Amino acid sequence: LGADTQTTDPTRVLRFPNTINQKNQVRATVDIWNNIEYELSTLYSYCTPVEKIKKSRRKKKREVVTLPPAKGLVDLYSLNTKKKDDLELLVTLRSGQMVGYRNTCLYTYCFTIALIVKEQKSTIVFARQLNEKFNEPLLIKEVQETAKSAHKDASTFFKAFSDNKYTMYGLARDLIKPEKASTIIRKLDISSEERQQMRFLIDDVIRQNRNTELVREKRREAGVKSRTEYEANERAKTQSKVDLLHEAIETNPTASIRKLAEITGFSKSVVQRLKSQL
DNA sequence: GTGGAACGTACTGCACTGGC
DNA sequence: GCCAGTGCAGTACGTTCCAC
């Protein structure tokens with residue numbers, strides 16, 4: 001956003017929009033904006049990792065110790081952010097034509113949002129924003145009720161999740177949990193073309209293909225040659241042996257395979273095979 | 001002794017799977 | 001998402017056996 005990327009002091013990370021960074025003359029811009037207002041305490045509750053200021057005996061130096069957040073919590077935030085983006089993308093891809101899926105979509109969206117922003121008020125704001133993207137929006141009252149219900153369910157889940165040390169194992173069966181990608185795909189009839197553009201709402205085949213592509217990229221980065229290149233190299237090696245054998249035969253036209261093996265230094269079986277390629 | 005075929009093995013890249 | 005394990009396919013090689 002135009003802020004100084006070298007800044008590591010937490011109190012100087014934020015740069016206000018439209019202000020100019022005197023260091024590099026870059027104007028701070030805004031990529032995302034909404035009208036939600038947050039309490040400082042609320043913002044602090046979103047922050048992960050949690051920071052704890054360690055007081056030093058010396059007045060001037062105060063050390064900031066960063067405590068790593070629970071992995072389960074990080075995963076939850078990460079997955080919910082992707083899920084939220086995918087649901088918004090779905091509405092965009094369908095040009096707002098969500099009749100028949102509006103309530104399901106809105107509830108899932110609100111449940112997801114509630115796990116990110118925590119506050120009921122903010123959840124309702126997000127819900128209304130999504131609803132406005134529908135070609136045939138639901139009534140405001142209906143949106144508010146759905147958002148409140150989803151927020152309540154999400155809060156109950158988060159409390160249990162938190163008490164369970166941020167793991168899903170061992171949670172009560174009747175507890176309403178975040179829906180799996182496959183469930184949302186089924187409920188909202190998300191097509192394979194739509195899934196191709198998603199990050200979270202994807203099926204096993206897409207996940208597998210993306211993983212395969214990722215692993216392949218890593219192999220290339222590690223300097224591993226592609227199968228085609230590898231095989232071409234092997235064939236080139238063989239061809240040079242064939243050439244060597246060809247020369248040996250021209251010099252010794254009557255030599256047997258065993259004799260040619262002695263001359264070239266190849267084994268008998270290698271000469272045998274190379275000869276068939278001449 | 002010779003040429004050739006069959007078999008097992010090694011190496012490599014790759015795709016896929018399951019556990020964490 | 002990461003990683004280890006597994007199996008497959010392509011290529012090459014060595015050993016063994018057999019017919020001539």
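Two residues are in contact when heavy atoms lie within 4.5 Å. Keep that in mind as we work through this predicted model.

**Exercise 1.** Find where Thr112 sits, and work out which residues Thr112 touches, not counting residues up to four places away in sequence.

*Solution.* Start with the helix: Thr112 belongs to helix α3, residues 102-117. Next, look at the accessibility: Thr112 has 1% relative accessibility, so this residue counts as buried, the cut-off being under 20%. Finally, list the contacts: leaving out residues up to four places away in sequence, Thr112 touches Asn80, Lys83, Lys84 and Leu87.

**Exercise 2.** Classify the ring pair of Tyr107 and Phe111, then follow the rings onward from Phe111.

*Solution.* The structure has three aromatic pairs. In one of them, the ring centres of Tyr107 and Phe111 are 6.1 Å apart and the planes meet at 45°, so this pair is tilted. Both residues are in helix α3, four residues apart, which means about one helical turn separates them. Tyr107 is partly exposed because its relative accessibility is 22%, while Phe111, at 4%, counts as buried.

Now step across to Phe157: with Phe111 this ring makes a tilted pair, 6.4 Å centre to centre and 45° between the planes. Here the pair joins distant parts of the chain, from helix α3 to helix α5 (residues 140-163), 46 residues apart. Putting the rings together, ring pairs link Tyr107, Phe111, Phe157 and Phe161 into a cluster.

**Exercise 3.** Locate the charged end of Lys118 and the position of Arg94 relative to aromatic rings.

*Solution.* Lys118 places its charged end over the ring of Phe158, 4.7 Å from the centre. Arg94 lies over the face of Tyr101, 5.3 Å from the ring centre.

Technical notes:
Residues numbered from 1 in each chain as written. Chains lettered and ligands numbered in written order. Predicted model: local features only at pLDDT ≥ 70, side-chain atom pairs only at ≥ 80, totals over all residues. Heavy atoms only, no water. Helix = DSSP H or I, 4+ residues; strand = E, 2+ residues; numbered from the N terminus. Buried < 20%, exposed > 50% of the residue type's maximum accessible area, 1.4 Å probe, protein only. Phe/Tyr/Trp six-rings, centres within 6.5 Å; stacked < 30°, edge-to-face > 60°. Lys NZ or Arg CZ within 6 Å of the ring centre and 35° of its normal.
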